[in-house]
Amino acid sequence: MTIVTTNPTTSDLILQRLFEDLAARNRGPASVKSHVRALKRFALWLGRPAETATAEDVRSFQHHLAGTGLSISTRNATMTGLRFLFRVTLRRPDLASEIFHLKEPQKVPLSLDQAEVRRLLLMTPKLRDRLLLGLAYGTGMRAGEVLRLRVKHIDSEQMIIRVEQAKGKKDRLVMLSPDMLAQLREWWKVRPKQWDAGVPAEERLLFPGRYGKPIAVHSLNTIFHNSAKAAAIRKAVNLHSLRHSFATHLYDRGVDIRTIQALLGHDKLETTARYSRVATGLITAVESPLDLLDVTRAIRRKGRRKPKPDTDGSGA
């Protein structure tokens, strides 16, 4: 692989070695992009090749990031990339040991209720777009996983969808509903076929984009926001909220948390367990201890009591 860079402070040789080290460890495109971005950000700040950095440079860079306004997740991703660079590519464990990560605030995933999901799908006029959003909600797949689906991934005999080499280079299975299968068969009749020449039937994309490539995630994100606007959904939701909604609604229905973990492809149960904090059906079914005190009703009864009659005639 030939690497061309316009950043004079980033050594071409180090960048090449970083690519090779990441490839040797089978890192995915997103991981490679993040690590390269970290190297370039550090080298640009340093003003000289990253291989000349000192422990004080690493320490100062982390303080610099704190004042840039970058999110904690971005700062952590940057330092993860640099730790790999120092520990693996540059063989500088002394610099890697200077790196620290920040604890990210745990936010409750924002999801849609079932009525909102229904409105969203009803307000998506095109069959293809409705299918894409329906698959994201109905299976919990990530946007990129939906867009990369091929014929071979649909098993109509077992009613499952095979998600190949997803995040973390893992395969998993998700459910295929009868309604979704019927819609997919309807879509297949009108699906664009100009890019199918020379492509084996099993390898054909279900939703081909330009030149037979997968549709871009940002295009699906635009479809989602247009439909959400048409459905008068005012929550600050995004395309990934459909995945959150899938997990939340399953948990509401009493589906075992480990089953949800398997469907989502999470490595850690703690990642899936956060949906227990937003399972609105279970939360609203819990009676508040305040209701047991019956304070409001008691105050109303007290307010309805008639004043005692004046028995001494004084009027005082």
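The legends below describe close-up views of a predicted model. Residues are numbered from 1 along each chain as its sequence is written. Local features need pLDDT of at least 70, side-chain atom pairs count only at pLDDT 80 or more, and totals for chains, interfaces and linings use all residues, while side-chain values use heavy atoms, without hydrogens and water.

**View A. A network of salt bridges links K152, R162, E164, D171 and E203.** A salt bridge is a side-chain nitrogen of Lys or Arg within 4 Å of a carboxyl oxygen of Asp or Glu. K152 and E164 meet at 3.8 Å, N to O. K152 lies in the loop between α8 (143-147) and β1 (154-155) and E164 in strand β2 (residues 160-166), so this pair ties together parts 12 residues apart in sequence. Helices (H or I, at least four residues) and strands (E, at least two) are DSSP runs, numbered from the N terminus. In the bridge between R162 and D171, the closest N and O atoms are 3.1 Å apart.

**View B. R191 and D196 form a salt bridge, with the closest N and O atoms 2.8 Å apart.** R191 has 3% relative accessibility and counts as buried; D196, at 10%, is buried too. Buried means under 20% relative accessible area, exposed over 50%, and partly exposed in between (1.4 Å probe, protein chains only). The structure holds 13 salt bridges.

**View C. L135 sits in helix α7 (residues 127-139).** L135 is buried, at 1% relative accessibility. L135 and L176 are 41 residues apart in sequence, yet their C-alpha atoms are 8.9 Å apart in space.
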